[in-house]
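The sequence and the structure come next.

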Amino acid sequence: MRIGFDRPALILAAVIIIPLFLLILRRFKPLFALELPLEPPGGIPFKSPVNLKYLMKLLNALELAGVLFLFGAAAGPHVIFSEIVWLNRGADIFFVLDISPSMAGIDMGGRNRFDAARELLLDFADQRPQDAIGLIGVGEDAALLIPLTTDRVSLHERMESLQIGELGDGTALGTGLALGAFHLHRSQAGRRVIVLITDGENNAGAIHPETAAAMIADMGITLWIIGTGSSGDIPFSYVDPATQMFRSGTFDSRYDPAVLSSLAAAAQGHWIHAPNIDSFTAAFAQLDQGEMMVRRSGTIRREEPLHIIFILTAMVLLWGLRLVRRNILGALL
C-alpha cells in the first residue's frame, strides 16, 4: 500500500510557492505594521495568560498545513493497493490432527507434541498461500474444524483456540481419515492430499483405519502419515477443557510404527517417523517437496481516492483557526 497523486506537480508548486509567498509577506510586513501599547501610561503592563508569540507561530503553522492540504486535494491523492492473484489452483490439503491427551507429551525440544505440530502446520500453510487447507481434529471422535480454505486468518484463529483433549480421550484415526476423504471426494484440484499427524494407534471410532485407507486409495487421494513422539516415560501437562483441571505427570508413550507404515502403504501413500523436533521439522519439509506445484501469480492494482479526506482536514484546520482567532484571541487582545 502506498499513496500517489494524479498531479504531483501541484505538490511541488505548493512547496515552492507557499514558502516564497510567506518570505515576501514577512519582508514587506513592517511597512504596514503599526504597534500600539497595550497598557495605560503609568499603569500595570498587560500580561497575557498564554505566550502569544509561540501561540501565533503555532496557529500560522497550522494554517500553512491547511493550505498544503488544499493543494494536496487538488493534486488528486489516492492510495494504491497491490494484490497478488494466483492464476492456477493449488492443492487441496486436509490435515487430520491428533488432539488426544497424549499429544501433551513434552519431548519436542522442551515443547509438547501438539504445540510443535501446530507451529509446523501453520508455517507450512503460510508458505503455500495458493493451497486450500482444511483441518480435522481427532480424539474419541473426529470433527471438521476448518473446511478447505485459503483464508489463513481463520486457520490461525482456529488453531490458536484448539485445545488438547477438546474431542475427548481416545484416537479415532479411521474416522478422521474417512472424514477427510469425504470432504475431498468432490474436489477438482489437481492434487488432493490428506496428512495424518498422530502419536498413537487407533482405539476409538466406528471406522477401521484400513477401511479408510482403502477408500483414500480408490479416490486417488494422496495420504501422508507423520508419526510423532518418542517412546518411554514421557512427561506431560495440559488443562482438561472439559473440567478445566490441570493435569500433569508421566505416561508410557508408545505406538507401533509398523502399523502406521502399513496403513500408509494400504493407501499407496507415504509414512514418516518423527520422534523428535528435528525429524518432525524435516517431515514437513519432505511433505512440502513431495506436494510441490508450479505457482503462477499476477498482481492487480487498485486505487482509492483520498481527496475528500484532504479537503475535510483543510476545512477543519482553516475554519477552526478562524474561530480561534475571532473568538479566543479577539477576547484576549
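## Helix α5 and the fold around it

Helix α5 is mostly covered, with 9 of its 12 residues buried. The buried positions in α5 are Leu173, Gly174, Thr175, Gly176, Leu177, Ala178, Gly180, Ala181 and Leu184. The model is predicted, not experimental. The length of α5 can be checked against its residue count: the 12 residues of the helix (residues 173–184), at 1.5 Å a residue, should span 16 Å, and the end C-alpha atoms are 17 Å apart, which agrees.

The protein as a whole has 9 helices and 13 strands. Of its 333 residues, 38% are buried. The accessible surface comes to about 18,600 Å², and carbon and sulfur atoms account for 61% of that area. Among contacts between residues at least 6 apart in sequence, 80% join residues at least 24 apart.

## Nonpolar cores

The largest nonpolar core has 39 residues. Phe95, Leu97, Leu135, Val195, Phe280 and Phe284 have the most contacts inside this core. Helix α3 (residues 113–127) supplies the largest share of the core, 8 residues. Apart from this core lies another, of 25 residues, including Val96, Ile194, Ile216 and Ala264.

Leu135 shows the packing in detail. Not counting residues up to four places away in sequence, Leu135 touches Phe94, Phe95, Leu97, Leu121, Ala143, Leu144, Leu145, Ile146, Met159 and Leu162.

Gly137 is in strand β6 (residues 132–138). Gly137 is buried, with a relative accessible area of 0%. With residues up to four places away in sequence left out, Gly137 touches Leu97, Ile99, Ala142, Ala143, Leu145 and Leu167. The C-alpha atom of Gly137 is separated by 9.5 Å from that of Ala172, a residue 35 places away along the chain.

## Aromatic pairs

The count comes to 8 aromatic pairs. One of them, Phe5 with Phe310, is edge-to-face, at 6.3 Å centre to centre and 90° between the planes. This pair links distant parts of the chain: Phe5 lies in strand β1 (residues 2–5) and Phe310 in helix α9 (residues 307–332), 305 residues apart.

A single aromatic cluster is formed by Phe95, Phe124, Phe280 and Phe284.

## Asp240

Asp240 is found in the loop between strands β10 (232–239) and β11 (246–253). The cut-off for a buried residue is under 20% relative accessible area, so Asp240, at 10%, counts as buried. Its side chain reaches the backbone nitrogen of Ala242 at 2.9 Å. The side chain of Asp240 also makes a polar contact with the side chain of Arg247, at 3.0 Å. Leaving aside neighbours within four places in sequence, Asp240 is in contact with Met245 and Arg247.

## Relative accessible areas

The table sets out the residues for which a value was given above.

| Residue | Relative accessible area | Class |
|---|---|---|
| Asp240 | 10% | buried |
| Gly137 | 0% | buried |

Terms used. Residues are numbered from 1 along each chain as its sequence is written. This is a predicted model: local features need pLDDT of at least 70, side-chain atom pairs count only at pLDDT 80 or more; totals for chains, interfaces and linings use all residues. Side-chain values use heavy atoms; hydrogens and water are left out. Helices (H or I, at least four residues) and strands (E, at least two) are DSSP runs, numbered from the N terminus. Buried means under 20% relative accessible area, exposed over 50%, partly exposed in between (1.4 Å probe, protein chains only). Contact means heavy atoms within 4.5 Å. Accessible areas come from the Shrake-Rupley method with a 1.4 Å probe; for residues, only the protein chains shown count as cover. Rings of Phe, Tyr and Trp (its six-membered ring) pair if their centres lie within 6.5 Å; planes under 30 degrees apart count as stacked, over 60 as edge-to-face and the rest as tilted. A nonpolar core is a set of buried Ala, Val, Leu, Ile, Met, Phe, Trp, Tyr and Cys residues joined through side-chain atoms within 4.5 Å. A polar contact is a pair of N or O atoms within 3.5 Å; within protein, one must be able to donate a hydrogen and the other to accept it, and residues adjacent in sequence count only if both atoms are side-chain atoms. The expected span of a helix is 1.5 Å times one less than its number of residues.
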